Amino acid sequence: MREDDLGADPVDARLAARLAGLRAEHGWSLGELAERSGVSRSTLSRAERAETSPTAAVLNRLCAVYGRTMSRLLSEVEAEPALLVRAAEQPVWEDRAAGFVRRSVSPPHAGLRGELVEGRLTAGADIAYDRPPVPGLEQHVWALEGALEITAQDVAHRLAAGDCLRMRVWGPTRFRCAGPEAARYVLAVVLP
């Protein structure tokens, strides 16, 4: 629970319950999950009790262990997926410490392989993922505003507004707001 709230954010509370449920489905203790994910037992425990909202990096590690994309995990904490998602109803998740806001524009669906995500990074934001949530994940990054630097397979790609990078993700990636202004982009994710 965040100190500035009277209670846990409803999305954070549902996410906490889903994370605890996934661990239980696999029959893992907190220690086993910590070993598999590289996330400390205390962080996992606090996230499962909704005492803290996990960072993007922590969620990415957990998604990798559970074989899910971040969007799929976040969609699992939402109600029934809809065919049409109005802008005001699109789930938004924020990692304030990292300067990252993620809007699930077209939430994933069990019968589909693709989804769209809007990402916003504040000036200077730098997010590193140590592994993809699903190896071989196909991503298309379309820069809408600002400058974005994406590193994949040890190659840095600088994108300006209008540029598009497509890649398959097998290892670590890094998303960095490379300019003096915030960056906004669309990420198309396609499961292998």
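This report walks through some helices, a sheet and the cavities of a predicted model.

## Ground rules

Residues are numbered from 1 along each chain as its sequence is written, and side-chain values use heavy atoms, with hydrogens and water left out. Because the model is predicted, local features need pLDDT of at least 70 and side-chain atom pairs count only at pLDDT 80 or more, while totals for chains, interfaces and linings use all residues.

Let us start with helix 3, residues 41-48. Helices here are DSSP runs of H or I with at least four residues, strands are runs of E with at least two, and both are numbered from the N terminus. In helix 3, L44, S45, A47 and E48 are buried (under 20% relative accessible area with a 1.4 Å probe, protein chains only). Seen down the axis of helix 3, these buried residues fall within an arc of 165°, so they line one face of the helix (the arc is that of the directions from the helix axis to the C-beta atoms). They pack against helix 1 (10-26), helix 2 (30-37) and helix 4 (56-66), where contact means heavy atoms within 4.5 Å. After helix 3 comes A50, with a positive phi near 60°.

Helix 4 is mostly covered, with eight of its eleven residues buried. They are A56, V58, L59, N60, L62, C63, V65 and Y66. Just after helix 4, G67 has a positive phi of about 70°.

Six strands form an open sheet in the order 1-2-3-10-5-8, with antiparallel pairing; two strands pair if DSSP finds at least two bridges between them. Strand 1 (92-95) and strand 8 (164-169) stand at the edges with a single partner strand each, so one side of each has no neighbour in the sheet.

Within the sheet, strand 3 (residues 114-121) and strand 10 (residues 183-190) run antiparallel and are joined by eight bridges.

## Cavities

The structure holds three cavities of 30 Å³ or more. On a 1 Å grid over the protein atoms alone, a cavity is a set of points where a 1.4 Å probe fits but cannot get out, and lining residues have an atom within 4 Å of a point. Grid points are joined across faces, edges and corners, and a volume is the space filled by probe spheres set on the points.

The largest cavity has a volume of about 290 Å³. Of the 24 residues that line it, N60, M70, Y129, Q139 and L187 are the closest to its centre. Strand 3 gives the largest share of this lining, five residues.

Terms used
Buried means under 20% relative accessible area, exposed over 50%, partly exposed in between (1.4 Å probe, protein chains only). On a 1 Å grid over the protein atoms alone, a cavity is a set of points where a 1.4 Å probe fits but cannot get out, and a pocket is an open set with protein on both sides within 12 Å along at least five of seven lines; lining residues have an atom within 4 Å of a point.
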